[in-house]
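Subject: Structure handover

Hello,

Here is the structure I promised to pass on. Please open it and keep it beside you while you read my notes.

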Amino acid sequence: MAYSNKVLDHYNHPRNVGSLDKSDPNVGTGMVGAPECGDVMKLQVKVNPDTGVIEDAKFKTFGCGSAIASSSLATEWLRGKTVDEALEIKNTDIVNELSLPPVKIHCSVLAEDAIRAAIGDYKKKSESRPQVSTNA
Amino acid sequence: MKLPIYMDNHATTPVDPRVLQAMMPYFTATFGNSASRNHSFGWEAEEAVEKARKQIASIIGATAKEIVFTSGATESNNLAIKGVAEMYAEKGNHIITAATEHKAVLDTCKRLEKDGLRVTYLPVQQNGLVDLDQLRNAITDKTILITIMYANNEIGVLQPIAEIGKMARERGVLFHTDATQAVGKVPVDVNKNNIDILSISAHKMYGPKGVGALYVRRRNPRVQLTAQIDGGGHERGMRSGTLNVPGIAGLGAACELAQKEMPEESKRLAYLRDTLKDRLLAGLDEVYINGTMEHRLPNNLNISFAYVEGESLLMGINDVAVSSGSACTSATLEPSYVLKALGAGDDLAHSSIRFGLGRFNTEEEVDYVAAKVVDVVKKLRELSPLYEMHQEGIDLTKVQWTAH
């Protein structure tokens, strides 16, 4: 199977590889997939609590080239978006941008799931924070 | 050194130029039909076929009359298993095989199950070998055939053929072995090992594609098969169809070369394979060899690079042709059923690479491949959340994954 140039570019030069501090209250972490399925994506966002803008995004992915490219692309798109804008990213956008063939659509679905999981984790943290401060 | 490097010799091999030379006359000058009994064109073609029959018989310790030509090992396996099932239907209706067989055997057995036969699929041990006690216990008075491969096409392990043959003979059960990967690589002897039927392919041993053979024992016992292709009654009535004379000449020449060069070639390939293995083990942690190294083809190495997905690794070594047990590289999107059968977990199947060394690989190529694989695995582990978790001391088997 031939890979699109964009998939190859992300595979050869993955953007924003790495990890953010999980315990930082402004960091949301999403981990989706399973090793026995052949792909696991970890996606993290660091959000400015005052503006709601994603200032940093990092990923690490165990998976095929298309899974790596999907998550690499996701981090690029996430940076500078607000958390609400981030939730508008659809897997089909990733499919179109990377020209993924039908057998690789699940990679884009996984990337969308990872975005939602990371944002969800951040939201959960930020919602619980005021309660903690008022109770304290 | 020329790129790309071909190291996928279990999938197919290039035709050896000496084999090609032996085939050439039979395309144009000596083009006769070996079944034409009344002119010299036919006689010359027949002579080529009979020469090849002897060359093939010789490499497995058989006699020329016991060789039936086919289109390849898939057809040979179909003919052997379906042919026995049909011919011996009155004697019994039970076949024993193993979970790690080639699809040409497994799917043939599944077809027969639909027709009402009973099939036992023996599991394999973690080393890839069948358990002889389990085999012994599986044999019933209705068992007509044991079909267990000689060497596995993914992990290269050599099944205990001599012991299986002895057991089958003692219990009066026919023994077929798919020896596609073994013939020409390791010494094979049908009499010493009590093999009754044996499948051979040309293109796995530097012969052409589209030609194979089936050894069918003629004495002690005399094996009979019901033909699966009807027609002019060629090949003792077991396989009709005009013989592929150039292909057969190629298979014969490939066998003769392999037999002559095997002692030296197997040593050289084992050295290259072990060099590759040692380099990979020295350069990387968390690397697992799939299947026993003790009973194995000299040219096979199947390794799992934990925390790295196989297709992404293949992408990184795109100037090296190898294959992976990863789901992403299979048509079915399922990880290798052979590796799953070893019980090591699906994650290691996704991370596996099969190296198949061959006659035309060099030490320089092995050096290049080893260095490249180490480099790419390291790079991909930097990207792997699983490797990060492993380094943090997290037990990945205890994590709640969101399987999809």
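**A buried glycine**

B:Gly207 has a relative accessibility of 0%, so this residue counts as buried. Bear in mind that this is a predicted model. Where is B:Gly207 found? Look in the loop between S7 and S8 of chain B. Leaving aside residues up to four places away in sequence, B:Gly207 touches B:Thr13, B:Val15, B:Val19, B:Ala202 and B:Ala254. Now find B:Lys192, 15 residues apart from B:Gly207 along the chain. The C-alpha atoms of B:Gly207 and B:Lys192 are separated by 26 Å.

**Where the chains meet**

Next, turn to the contact between the chains. Chain B brings 26 residues to the contact, and chain A brings 29 residues. About 2500 Å² of area is buried between chain B and chain A. Carbon and sulfur atoms give 66% of that area.

How many salt bridges are there between chain B and chain A? The count is three. One of them joins the side chains of B:Glu388 and A:Lys42, at 2.6 Å from N to O.

Which helices of chain B supply at least two residues each to the side that touches chain A? They are helix H8 (310-316), helix H10 (346-350), helix H11 (363-382) and helix H12 (385-391). The residues on that side of chain B divide into 12 nonpolar, seven polar and seven charged.

**Two cis peptide bonds**

Now check the backbone of chain B. B:Leu3 and B:Pro4 are joined by a cis peptide bond, with omega about -5°. B:Pro4 sits in the segment before strand S1 (5-6) of chain B.

The peptide bond from B:Asn220 to B:Pro221 is cis as well, and its omega is near -5°. Where does B:Pro221 lie? The place is the loop between strand S8 (212-216) and helix H7 (245-283) of chain B.

**Two asparagines with positive phi**

Start with A:Asn16. Its phi is near 55°, a positive value in a residue other than glycine. A:Asn16 is in the loop between helix H1 (5-12) and strand S1 (27-34) of chain A. Is A:Asn16 buried or exposed? Its relative accessible area is 17%, so A:Asn16 is buried, given that the cut-off is under 20%.

Then look at B:Asn194. Phi of B:Asn194 is near 55°, again positive in a residue other than glycine. B:Asn194 is in the loop between strand S6 (174-178) and strand S7 (197-201) of chain B. At 18% relative accessibility, B:Asn194 counts as buried.

**A covered helix**

Last, find helix H3 of chain B, residues 73-87. What span should its 15 residues have? At 1.5 Å a residue, the helix should span 21 Å.

H3(B) is mostly covered, with 12 of its 15 residues buried. Among them are B:Ala73, B:Glu75, B:Leu79, B:Ile81, B:Lys82 and B:Val84. Trace these residues along the helix as you look. An α-helix has 3.6 residues a turn, so residues three or four places apart point the same way.

Best wishes

Methods
Residues are numbered from 1 along each chain as its sequence is written. Chains are lettered from A and ligands numbered from 1 in the order in which they are written. This is a predicted model: local features need pLDDT of at least 70, side-chain atom pairs count only at pLDDT 80 or more; totals for chains, interfaces and linings use all residues. Side-chain values use heavy atoms; hydrogens and water are left out. Contact means heavy atoms within 4.5 Å. Buried area is the accessible area (1.4 Å probe) that two parts lose on being put together, summed over both. A salt bridge is a side-chain nitrogen of Lys or Arg within 4 Å of a carboxyl oxygen of Asp or Glu. Helices (H or I, at least four residues) and strands (E, at least two) are DSSP runs, numbered from the N terminus. Ala, Val, Leu, Ile, Met, Phe, Trp, Tyr, Cys and Pro count as nonpolar, Asp, Glu, Lys and Arg as charged, and the others, Gly among them, as polar. Buried means under 20% relative accessible area, exposed over 50%, partly exposed in between (1.4 Å probe, protein chains only). The expected span of a helix is 1.5 Å times one less than its number of residues.
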